[in-house]
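Hello,

I am passing a structure on to you. Please open it first, then read my notes below.

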Amino acid sequence: MKKVLILDLDGVLITTPPWKPDTVHEDGYSDFNDECVSNLNTLLTITDFEIWLSSTRRLRKTLKEFNQIFKNRNIEKEISGFLPDYPTCTNRKEEVLNFIVNYNIDDYLILDDDKSLNGLKTEVKRNLVATELTIGFNHEKLQEAKAKLK
């Protein structure tokens, strides 16, 4: 398996504050922050990632639908898959750990704003770029991701 990018949407590419309704793209789905999309595309030129969506939004659309949404927002790579829905998991940290272990993934980067990920073990957490809900994957976080790839 190539290097895996475990990607969240809210707080990474979608930066709408929780007290505001999402702005909606012409395709009827939430708009993504253009700067965050540009930074993601830059990251995707550095390393050949397989993108695996971790967002809870993965439970409401098919892979084909999400790949069209990504294409409509000029994201230059398709999603390879979704993190499985683990019914026994109570938070994102548990989902990510189960995915890494069950799929035997050792080369990965996590882009997410979920605070439960702060509780990851050091060896996993070193692959986390923790974003902020209303800022997302900005230039500073792109630089952090680049540094983690070295």
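Predicted model: local features only at pLDDT ≥ 70, side-chain atom pairs only at ≥ 80, totals over all residues.

Residues are numbered from 1 along each chain as its sequence is written, and side-chain values use heavy atoms, without hydrogens and water.

**The sheet.** Five strands make an open, parallel sheet, ordered β3-β2-β1-β4-β5. (Strands are DSSP runs of E, at least two residues; helices are runs of H or I, at least four; both are numbered from the N terminus. Strands pair if DSSP finds at least two bridges between them.) β3 (79-82) and β5 (128-130) are at the edges with a single partner strand each, so one side of each has no neighbour in the sheet. Four bridges join β1 (residues 3-7) to β4 (residues 108-112).

**The rings.** The whole structure holds six aromatic pairs. (Rings of Phe, Tyr and Trp, the last by its six-membered ring, pair with centres within 6.5 Å; planes under 30 degrees apart are stacked, over 60 edge-to-face, the rest tilted.) Phe-32 and Phe-70 are edge-to-face, 5.9 Å between centres and 85° between planes. Phe-32 is in the loop between β1 and α1, Phe-70 in helix α2 (residues 63-72), so the pair ties together parts 38 residues apart in sequence. Phe-66 and Phe-82 also pair edge-to-face, at 5.8 Å and 85°.

Best wishes
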